[in-house]
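The following exercises concern the contacts between protein chains. Please study the sequence and the structure, and then work through each solution step by step.

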Amino acid sequence: MKKRIALTLVVVGLLFGGGTLFAQDASTADTIKLYKQAFDMIWMVMAAALVFFMQAGFAMVETGLTRAKNAGNIIMKNLMDFSAGAIVYWAIGFGLMFGADSGGILGVSKFFLVGADPATYRDWMFQVVFAATAATIVSGAMAERTKFSAYLIYSVVVSAIIYPFFGHWAWGGGWLGQMGFHDFAGSTVVHSVGGWAALAGAMLLGPRKGKYVKVGGKTVVKAIPGHNIPLAALGVFILWFGWYGFNAGSTLSGTDLSIAHVAATTTIAAAAGAVFAMFTSWVWFGKPDPSMALNGALAGLVAITAPCGAADPIGALIIGIVAGILVVLSVEFIDKVLHIDDPVGAVSVHAVNGAWGTLAVGLFANPANIDGVSGLFYGGGLHQLGVQAVGVLTAFVWVMATGLILFAILKGTIGLRVTSDEELRGLDTGEHGMEAYSGFQIFTTM
Amino acid sequence: MKKRIALTLVVVGLLFGGGTLFAQDASTADTIKLYKQAFDMIWMVMAAALVFFMQAGFAMVETGLTRAKNAGNIIMKNLMDFSAGAIVYWAIGFGLMFGADSGGILGVSKFFLVGADPATYRDWMFQVVFAATAATIVSGAMAERTKFSAYLIYSVVVSAIIYPFFGHWAWGGGWLGQMGFHDFAGSTVVHSVGGWAALAGAMLLGPRKGKYVKVGGKTVVKAIPGHNIPLAALGVFILWFGWYGFNAGSTLSGTDLSIAHVAATTTIAAAAGAVFAMFTSWVWFGKPDPSMALNGALAGLVAITAPCGAADPIGALIIGIVAGILVVLSVEFIDKVLHIDDPVGAVSVHAVNGAWGTLAVGLFANPANIDGVSGLFYGGGLHQLGVQAVGVLTAFVWVMATGLILFAILKGTIGLRVTSDEELRGLDTGEHGMEAYSGFQIFTTM
Amino acid sequence: MKKRIALTLVVVGLLFGGGTLFAQDASTADTIKLYKQAFDMIWMVMAAALVFFMQAGFAMVETGLTRAKNAGNIIMKNLMDFSAGAIVYWAIGFGLMFGADSGGILGVSKFFLVGADPATYRDWMFQVVFAATAATIVSGAMAERTKFSAYLIYSVVVSAIIYPFFGHWAWGGGWLGQMGFHDFAGSTVVHSVGGWAALAGAMLLGPRKGKYVKVGGKTVVKAIPGHNIPLAALGVFILWFGWYGFNAGSTLSGTDLSIAHVAATTTIAAAAGAVFAMFTSWVWFGKPDPSMALNGALAGLVAITAPCGAADPIGALIIGIVAGILVVLSVEFIDKVLHIDDPVGAVSVHAVNGAWGTLAVGLFANPANIDGVSGLFYGGGLHQLGVQAVGVLTAFVWVMATGLILFAILKGTIGLRVTSDEELRGLDTGEHGMEAYSGFQIFTTM
């Protein structure tokens with residue numbers, strides 16, 4: 001970093017030493033080069049801060065959509081998947097994902113940020129908040145019944161191993177990227193990876209007590225409403241806000257003039273997702289449902305994350321509309337047909353719509369936006385769609401396999417689930433010895 | 001966008017190809033030009049993200065200041081006025097407001113962002129979040145009794161028609177702007193437009209049940225306290241935070257060195273508004289009232305929005321002080337004298353203080369800050385004040401007229417108000433079939 | 001500012017007038033100079049907005065960790081220490097802190113921002129949000145029993161006098177800075193100053209009723225749990241988010257390429273603080289405690305604030321680990337041994353860990369990061385550690401002395417504490433005539 005200091009001194013000298021110095025063309029060139037680095041630095045660090053803030057959004061959404069007696073536990077899980085995750089991503093994950101490529105399979109340098117230069121710090125800062133996003137998605141689907149210690153171990157393994165490996169394949173120079181797989185900001189890399197892991201966890205955990213009750217051979221599905229919808233809504237607004245860092249920051253360059261294009265398609269898809277999830281719930285249940293509309297906004301955001309740079313606004317609209325409809329149908333299908341208990345709809349929002357958005361690149365990518373990425377509806381034929389499908393399928397297989405193995409090991413050793421009694425009383429008391437809303441009259445057995 | 005990619009390649013080549021390349025002066029010029037675009041891009045998109053986040057602020061303020069039984073409905077309205085609003089603003093609103101001017105009255109191009117270049121995407125992104133702000137202001141004044149479907153239609157019309165027309169007159173090249181009307185970030189264009197629409201809505205809706213009770217020929221005014229003051233406070237902090245994007249972003253340029261001046265006047269006026277609303281409530285009610293102090297901060301922010309670039313800090317202080325006092329008196333007057341039921345004080349905060357701030361430009365504008373804008377106290381005479389008054393009056397007439405017509409049509413067709421029974425039980429159950437705080441003991445008939 | 005406008009016109013002319021103009025080297029130099037100013041402007045104003053948002057974080061943490069019956073009062077205190085504080089910092093504080101140095105003791109110009117240029121506005125904007133942070137820290141330690149009027153006066157004195165004087169010594173050209181004291185973003189200047197004042201306040205106020213009960217000569221310590229842990233968690237996430245502005249913004253330059261280094265060490269220390277406070281509470285209490293983990297994240301953030309630029313990632317990890325352990329032990333010690341009632345743990349988080357982080361510069365500073373700042377473990381010997389200790393001690397003596405005097409005066413005149421009866425019923429009713437959660441069933445005597 002000595003060099004940086006020297007460079008800064010040169011610049012300061014130039015800027016405040018008077019205009020005549022600029023006769024030296026080499027110095028002007030150095031300054032212009034520094035400015036390029038400064039653009040990337042402030043843009044990506046600011047975007048990283050926004051993406052970090054999405055942790056608050058996830059925490060509020062998951063807390064709000066579950067019961068009051070487990071609120072402290074959910075908070076704790078969200079705090080810890082970022083905190084423990086950031087440390088292991090610094091130690092191992094970042095190196096596996098973005099270190100020098102070995103055979104298209106994994107990275108093998110940059111561990112512990114040893115000898116990092118400013119650009120490496122910048123990249124780590126932007127990537128660590130993405131890694132944490134993948135890990136935190138799991139928390140919601142496993143809410144209200146998972147042992148805290150098991151969650152802690154699982155969450156670390158996702159950030160250190162499961163996420164970085166797939167991330168290397170797609171973004172770190174690995175085989176998927178080499179094949180032409182296009183996932184601008186991580187519909188698959190981040191959201192589907194988190195979402196499939198959530199599915200694996202929810203399957204092995206089993207449903208919450210009283211969620212599916214057998215009555216005379218038939219399964220009656222009980223709705224378990226969340227305890228704080230305003231908090232969940234706040235979470236969605238925070239996530240949407242942070243998504244401008246997530247998607248627009250994924251230009252990875254502060255001088256890329258497509259930043260606003262990305263922000264615009266993100267906005268349009270999220271809006272369409274919210275509106276059409278609302279209409280779908282209106283038709284399906286007879287009334288416009290706030291939780292579904294909120295999940296619709298998230299579904300639109302997840303879906304546009306891969307194609308946000310490649311799609312035009314009209315493509316973004318359609319992608320969002322489909323996402324809004326899809327999320328309602330998927331939530332209903334997973335709950336009512338598959339009888340898998342996902343308290344916050346994480347699988348439908350992140351896995352299903354992550355897959356949809358990634359495939360949508362193969363449909364709606366306009367090659368005028370990103371050179372060489374061309375969808376079916378823009379004259380690209382089936383090629384890109386096929387590559388996208390390979391990426392979607394790979395994520396499913398990789399994460400379901402590693403996730404099921406990991407959860408099975410945890411289940412067979414320290415145990416994955418709290419006791420029946422603890423689940424009834426709430427995990428806040430059982431796991432943490434506290435209550436989230438001291439002084440309030442709450443019906444905790446609900 | 002092909003051109004952009006080529007340009008980026010040139011820059012990358014220049015920056016990393018070594019300093020000797022800079023002998024070519026034309027390339028240096030291209031790079032410097034790109035940097036100007038990059039400054040504007042990252043500044044305005046980041047500012048737009050902050051302004052988007054204000055939606056969360058509005059949602060929390062309105063939810064917190066009303067009753068628990070309607071919290072889900074308010075969330076839903078806030079989510080939808082942004083979501084539906086963004087789509088129609090993309091389709092129609094932006095073109096009407098910023099398309100090529102036709103006769104000083106409306107814009108006639110840029111619909112659907114067809115053929116948009118990076119600068120147009122950037123401008124749309126910054127403007128769509130402003131349009132949504134205007135629409136969302138109405139929600140609070142019409143809280144706790146409005147039919148959801150009627151609100152949905154109304155909200156779309158504001159974002160597609162009512163707001164863009166006035167916006168074109170003031171900001172899009174229309175007749176008000178040509179006349180010299182100065183509204184830096186939208187005290188009138190955004191806040192008064194939203195606020196007068198809120199007034200029209202509240203008038204045609206009538207008060208909430210039990211708000212004004214006739215007892216022996218005299219009207220007894222009942223206070224209906226909000227259910228979550230910490231949430232309302234969070235909302236105000238979020239709004240204040242977002243306002244730095246709203247006002248400082250309205251420089252519309254990342255190389256405008258008055259950005260910090262704008263942020264400073266914004267801070268001082270908001271602070272003065274909070275402090276003086278608190279003191280006014282202390283004198284008026286005998287105790288310093290948190291809701292009034294919170295609304296005082298918002299009143300200061302609304303009032304400084306027009307003059308934030310033109311006023312000096314001392315002007316900002318006075319503008320904020322007046323706003324803080326004015327908001328308390330206005331809330332009292334509208335409630336106790338006019339008997340118009342505005343649950344969150346939206347009319348006083350946004351319409352009244354929007355008007356005040358816009359007129360304040362004609363008093364406190366220092367021409368040393370913005371060339372040609374000169375207030376009465378800075379040697380400008382009555383000219384600017386007169387022009388500002390024309391703008392304020394125009395907004396009032398345009399919005400009240402269109403608003404009353406629109407609400408009257410809705411009232412006469414699908415109906416504007418929920419049934420008496422639904423209002424008592426709460427709109428969450430009636431309109432949406434849910435409850436916001438499941439498991440909590442709440443007295444819903446309050 | 002006339003000059004600014006002219007300069008902007010030149011730039012606009014250059015950029016859009018065509019490349020040939022760039023034959024004039026002087027103009028290129030002017031543009032490059034303007035860009036440097038623009039980098040600093042947008043970076044610091046955006047960072048300032050993030051730091052402002054920390055006010056919301058403090059408000060939510062303090063509200064969530066105390067009882068529902070005092071929530072409105074805490075909101076009001078947090079709103080007012082920023083609002084009143086900003087006004088007096090504009091009038092007096094900024095000039096005392098950053099005005100022209102007089103004898104190494106205080107600044108004597110820049111009051112009221114008279115004649116400020118863009119750079120001065122920028123600096124004020126960044127500094128005013130720091131001043132408010134110092135003031136707001138006190139609020140938590142004095143929660144649930146302080147008279148509102150006394151708090152208001154105290155809070156103004158901190159922002160106008162106590163904070164600016166120490167700030168001048170360390171950052172404004174005063175004697176501590178001259179001596180080589182290194183506090184990158186304010187572990188001592190902001191957090192310890194706030195934290196020691198909080199200690200002074202809590203000592204003179206005495207504990208909340210029922211907190212320490214004498215039973216047969218022995219003092220029984222009662223835990224008084226907070227009423228809203230999700231809100232407290234949201235506050236911590238907001239604070240962590242805002243800290244990226246706080247620390248990375250303290251580069252004070254948008255072209256400083258160490259911005260990401262600072263963000264990375266901040267992230268690692270905060271994460272380590274959360275994880276190790278959790279483990280410590282697990283060992284200490286038998287269960288992982290959410291409140292402790294949340295305070296652990298804050299402790300890590302406070303501790304890394306001074307060394308965030310000088311320490312390497314491994315140093316940041318150790319600093320965070322120590323902070324996480326330290327905060328739990330300190331909270332226990334202050335509560336169980338000293339019997340000083342600090343409802344939110346403000347003294348342990350801000351004063352104790354502020355001191356730790358400041359001393360840690362003397363241990364972990366790598367001179368490769370910041371020239372001339374070299375810690376014990378990086379070959380710097382004891383010199384830097386000694387200087388850091390002088391700074392830590394000076395803050396303690398200055399703030400405890402002025403704080404105790406100020407609180408004693410308030411206690412002897414208008415009174416520092418509400419009546420016993422008001423404390424039981426809650427300060428919301430007594431001080432403000434309102435309740436924070438209207439309609440909810442709450443056990444207020446808890």
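**Exercise 1.** Determine how much area chain B and chain A bury between them, and on which atoms.

*Solution.* Step 1. Buried area is the accessible area (1.4 Å probe) that two parts lose on being put together, summed over both. For chain B and chain A it is about 5900 Å², with 82% on carbon and sulfur atoms.

Step 2. The origin of the values must be stated: this is a predicted model, in which local features need pLDDT of at least 70, side-chain atom pairs count only at pLDDT 80 or more, and totals for chains, interfaces and linings use all residues. Residues are numbered from 1 along each chain as its sequence is written, chains are lettered from A and ligands numbered from 1 in the order in which they are written, and side-chain values use heavy atoms, without hydrogens and water.

Step 3. Chain B contributes 67 residues to the contact (heavy atoms within 4.5 Å), and chain A contributes 63 residues.

**Exercise 2.** Which polar and charged pairs does the rule find between chain B and chain A, and which helix gives the most residues on the side of chain B?

*Solution.* Step 1. There are zero salt bridges between the two chains; a salt bridge is a side-chain nitrogen of Lys or Arg within 4 Å of a carboxyl oxygen of Asp or Glu.

Step 2. Eight residue pairs, both at pLDDT 80 or more, are in polar contact across this interface. A polar contact is a pair of N or O atoms within 3.5 Å; within protein, one must be able to donate a hydrogen and the other to accept it, and residues adjacent in sequence count only if both atoms are side-chain atoms.

Step 3. On the side of chain B that touches chain A, H2(B) gives the most, with 21 residues. Helices (H or I, at least four residues) are DSSP runs, numbered from the N terminus.

Step 4. This side of chain B divides into 45 nonpolar, 17 polar and five charged residues. Ala, Val, Leu, Ile, Met, Phe, Trp, Tyr, Cys and Pro count as nonpolar, Asp, Glu, Lys and Arg as charged, and the others, Gly among them, as polar.

**Exercise 3.** Describe the interface of chain A and chain C.

*Solution.* Step 1. Here 68 residues of chain A are in contact with 64 residues of chain C, and about 5900 Å² is buried, 81% of it on carbon and sulfur atoms.

Step 2. The rule finds zero salt bridges and nine residue pairs in polar contact, both at pLDDT 80 or more.

Step 3. H2(A) gives the most to the side of chain A that touches chain C, with 22 residues.

**Exercise 4.** Where does Lys36(A) form a salt bridge, and with which residue?

*Solution.* Step 1. The partner of Lys36(A) is Asp40(A), with the closest N and O atoms 3.1 Å apart.

Step 2. Lys36(A) and Asp40(A) are four residues apart in helix H2 of chain A, so about one helical turn separates them.

Methods: Helix = DSSP H or I, 4+ residues; strand = E, 2+ residues; numbered from the N terminus.
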